[in-house]
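Please look at the structure before reading the points below.

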2 protein chains.
Amino acid sequence: MIKSGGITLGLLIYSEQLTKRYKKMQDILFDFISKYISLTEDEKNAILSLEIFRTVKKGTILLKEGQKSQDEYFVLKGCIRKYYIINGEEKTTAFFTEMEGLVPHCVINNAPSEYFVVCVEDTILTVTNPNMGVEVNTKFPKFQVMCGILSEELLAKQQINFDEFKISSPEQRYLNLLQSRPDLFQRVPQHQLASFLGIKPQSLSRMRARLSEKKKPVHCLS
Amino acid sequence: MIKSGGITLGLLIYSEQLTKRYKKMQDILFDFISKYISLTEDEKNAILSLEIFRTVKKGTILLKEGQKSQDEYFVLKGCIRKYYIINGEEKTTAFFTEMEGLVPHCVINNAPSEYFVVCVEDTILTVTNPNMGVEVNTKFPKFQVMCGILSEELLAKQQINFDEFKISSPEQRYLNLLQSRPDLFQRVPQHQLASFLGIKPQSLSRMRARLSEKKKPVHCLS
């Protein structure tokens with residue numbers, strides 16, 4: 001196949017950009033893993049050979065209600081959202097951003113998914129499946145150790161989040177989220193945030209207005 | 001020390017009963033573990049040597065708000081409850097019954113506990129700590145594998161529970177609980193269940209009355 005010089009050069013540059021981007025993503029993933037276990041070059045290559053990196057456009061639906069899937073996600077850059085459709089209305093229950101992973105329930109119980117997963121932003125993630133896990137874990141048992149530690153950490157975090165949700169008023173939930181995940185307020189539409197907090201969008205607007213009113217300095221007339 | 005025959009016999013019988021009870025508890029624990037990994041006699045003895053079995057009376061507080069503790073619990077028989085005190089009011093966020101474990105957050109972040117843990121019934125449980133875990137896991141790495149799998153399972157269960165709590169109405173939450181954990185309705189006082197479901201005790205009473213009214217057969221006048 002003969003290409004004009006311009007196109008070839010363009011493809012070369014594009015391919016180089018892509019290689020650079022993936023290179024960067026690999027480094028991000030390996031940096032994350034290195035917090036738990038140290039990897040040899042062999043082990044890094046074993047991960048790379050699985051070809052797990054994906055670049056996905058904003059709005060792409062990764063998983064649909066009713067779909068069977070074995071895909072597990074780990075976000076390297078971007079944001080994905082989990083939501084249910086109840087009586088025709090979207091109910092958002094979670095956001096996953098950088099260095100957060102989602103193993104959909106349908107992967108574990110091998111049943112059709114009860115919810116959707118969609119990209120809120122252009123997202124770079126790893127997509128793996130339990131078979132890959134078994135393969136890598138058998139070859140390199142320390143991955144199993146890392147997955148165990150990661151699950152324990154996630155479980156602890158999740159338990160605290162669940163407790164906080166249960167014991168807090170809507171306003172406290174909003175303030176907690178503002179403190180723990182301030183980035184979400186810039187990245188996610190208001191109505192999705194409201195749903196995530198378990199409140200109506202109008203209530204969230206009123207709450208934000210009331211709280212920003214409280215913050216305003218009081219001018220004294222002298 | 002000289003004892004009369006009666007007391008010695010009594011002590012012997014008591015000691016035998018205690019031995020039998022612990023023997024039974026060991027079997028329950030080993031049966032549970034055998035779902036994940038097979039244990040050799042050496043490994044079983046390593047667990048037993050840790051002396052982790054405890055019998056605790058109903059009402060005993062295992063963990064207090066503000067307390068530092070390294071104790072992790074796994075219920076073999078009975079029920080324990082986790083609750084916060086918010087503005088002088090108890091907020092129950094979880095119950096743990098047979099074959100359910102709780103690693104309090106204070107164990108993980110090494111900070112004073114934010115909540116209480118109390119026995120709802122006379123309870124037999126294992127009490128372990130992270131150091132024991134490290135010791136056993138180093139000696140028998142397959143325990144680490146089991147803990148990882150257990151955490152993954154718990155995480156999946158917890159995520160579904162959290163989602164259900166967020167997307168359900170109070171009435172749906174009540175019906176879900178009735179289906180998934182019917183035993184709790186016999187074991188736990190109404191006001192604690194109401195708190196766990198995130199509703200007022202009066203609302204729970206009204207809900208139960210309404211739902212039992214719906215169930216009554218309709219008598220047709222002919």
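Predicted model: local features only at pLDDT ≥ 70, side-chain atom pairs only at ≥ 80, totals over all residues.

Which residue in E8(A) does Phe53(A) stand opposite? Phe53(A) faces Thr126(A).

- Four strands form an open sheet in the order E1-E8-E3-E6, with antiparallel pairing.
- Strands E1 (53-56) and E6 (100-102) of chain A stand at the edges; each has a single partner strand, so one side of each is left without a neighbour in the sheet.
- From one strand to the next, the twist averages 30 degrees.
- E1(A) and strand E8 (residues 123-128) of chain A run antiparallel and are joined by 4 bridges.

**Extent of the interface**
- In chain B, 29 residues are in contact with 29 residues of chain A.
- About 3,000 Å² is buried between the two chains, and carbon and sulfur atoms give 66% of this area.

**Polar and charged links**
- The rule finds 2 salt bridges across the interface of chain B and chain A.
- A salt bridge joins the side chains of Asp163(A) and Lys82(B), at 2.8 Å from N to O.
- Across the interface there are also 10 residue pairs in polar contact.

**What chain B supplies**
- Strands E4 (80-86) and E5 (89-96) and helices H3 (105-109) and H5 (141-167) of chain B each supply at least two residues of the side that touches chain A.
- H5(B) gives the most to that side, with 18 residues.
- By class, the side of chain B that touches chain A has 15 nonpolar, 8 polar and 6 charged residues.

Technical notes
Residues numbered from 1 in each chain as written. Chains lettered and ligands numbered in written order. Heavy atoms only, no water. Contact = heavy atoms within 4.5 Å. Buried area = accessible area lost by both parts, 1.4 Å probe. Salt bridge = Lys/Arg side-chain N within 4 Å of Asp/Glu carboxyl O. Polar contact = N/O pair within 3.5 Å; in protein donor to acceptor, adjacent residues only side chain to side chain. Nonpolar A, V, L, I, M, F, W, Y, C, P; charged D, E, K, R; others polar. Pairing = 2+ DSSP bridges. Axes fitted to C-alpha atoms, helices over the stretch in contact; angles between N-to-C directions.
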